[in-house]
Each structure stands twice: as C-alpha cells, then as structure tokens.
Amino acid sequence: MGEEEKVFDEKYSKGQPNSFSVGQAEVVECLDKGVQQIPIGAKAQIECPSSMGYGEVEKPNVPADSDLLFDVELLACENDELAELDQT
C-alpha cells in the first residue's frame, strides 16, 4: 500500500453499512472478491492494488492509480452460496 493514507468513505463510522450485490460490478473488483473470503460477522482489511481498484480513473477523494485499503465487517449475506460462510 502507498505511503499516504486518506479516508475516502466513512459510511461505517456514520452507522451506514454499505450494501451491494456480489459479482455485479457494483464495487471495485478487489472488494467484490475480498468479501467472498470473509465469514459473516468477521472483520477484515482488504488490500486493493490500483489495477483492481479504480486504476487510472480519478474519483472524488481518490487520485488516479491509487492503491486502496478497505476495513470491512461482513454483517450479513443474502446469497445462498456465501451464506455457507456464516459461522454464527
């Protein structure tokens, strides 16, 4: 990961969990693949190289070619395939 870290999305700290459909290109590739490896109820950090993030595209608060680091907690999963990861 890069030397400079900046928060670009604070939904979790505001009590607003993010919801998306896995495999539907609703989030960057590394996040989509990374959450599939996390058991429901677990917290993890997902490191995302620029090539699996936004690449050369600049986004608000995210410069082009930025590596990303996501702090995630998988609260629930409605997809039957991923529900098998539920360890609660």
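Glu56 is exposed, with a relative accessible area of 69%, and this residue is found in the loop between β1 and β2. The model described here is a predicted one. Once residues up to four places away in sequence are set aside, Glu56 touches Ala64 and Asp65. The C-alpha atom of Glu56 is also separated by 8.2 Å from that of Ser66, a residue ten places apart from Glu56 along the chain.

Asp65, one of the residues touched by Glu56, lies in the loop between β1 (43-48) and β2 (68-73). Asp65 is exposed as well, its relative accessible area being 51%. Together with Glu47 and Asp67, the residues Glu56 and Asp65 form a negative surface patch. Because a residue must have over 30% relative accessible area and no salt bridge to be part of a patch, the values of 69% for Glu56 and 51% for Asp65 are in keeping with their place in this patch.

**The protein as a whole**

The protein has two helices and two strands, and from the N terminus on these elements run α-β-β-α. Of its 88 residues, 23% count as buried, while the protein exposes about 6700 Å², of which carbon and sulfur atoms supply 43%. Among the contacts between residues at least 6 apart in sequence, 53% join residues at least 24 apart.

**Helix α1 and the segment before it**

Helix α1 comprises residues 29-34, and Asp32 lies within it. Asp32 is buried yet has no salt bridge, and the nearest side chain of opposite charge, that of Lys33, is 7.9 Å away.

What does Asp32 contact, leaving aside its neighbours within four places in sequence? Its contacts are Phe20, Ser21, Val22, Gly23, Gln24, Ala25 and Val27.

Val28 is found in the segment before α1, and at 9% relative accessibility this residue counts as buried. Not counting residues up to four places away in sequence, Val28 touches Cys48, Met52, Gly53, Tyr54 and Phe70. Val28 and Leu68 are 40 residues apart in sequence, and their C-alpha atoms are 9.9 Å apart in space.

**Accessibility of selected residues**

The table gathers the relative accessible areas discussed above.

| Residue | Relative accessible area | Class |
|---|---|---|
| Val28 | 9% | buried |
| Asp65 | 51% | exposed |
| Glu56 | 69% | exposed |

Conventions
Residues are numbered from 1 along each chain as its sequence is written. This is a predicted model: local features need pLDDT of at least 70, side-chain atom pairs count only at pLDDT 80 or more; totals for chains, interfaces and linings use all residues. Side-chain values use heavy atoms; hydrogens and water are left out. Patches are made of residues with over 30% relative accessible area and no salt bridge: like charges are joined within 9 Å, nonpolar side chains (Val, Leu, Ile, Met, Phe, Trp, Tyr) within 5 Å. Accessible areas come from the Shrake-Rupley method with a 1.4 Å probe; for residues, only the protein chains shown count as cover. A salt bridge is a side-chain nitrogen of Lys or Arg within 4 Å of a carboxyl oxygen of Asp or Glu. Lys and Arg count as positive and Asp and Glu as negative; His and the chain ends are not counted. The place of a charge is taken as NZ of Lys, CZ of Arg, CG of Asp or CD of Glu. Helices (H or I, at least four residues) and strands (E, at least two) are DSSP runs, numbered from the N terminus. Buried means under 20% relative accessible area, exposed over 50%, partly exposed in between (1.4 Å probe, protein chains only). Contact means heavy atoms within 4.5 Å.
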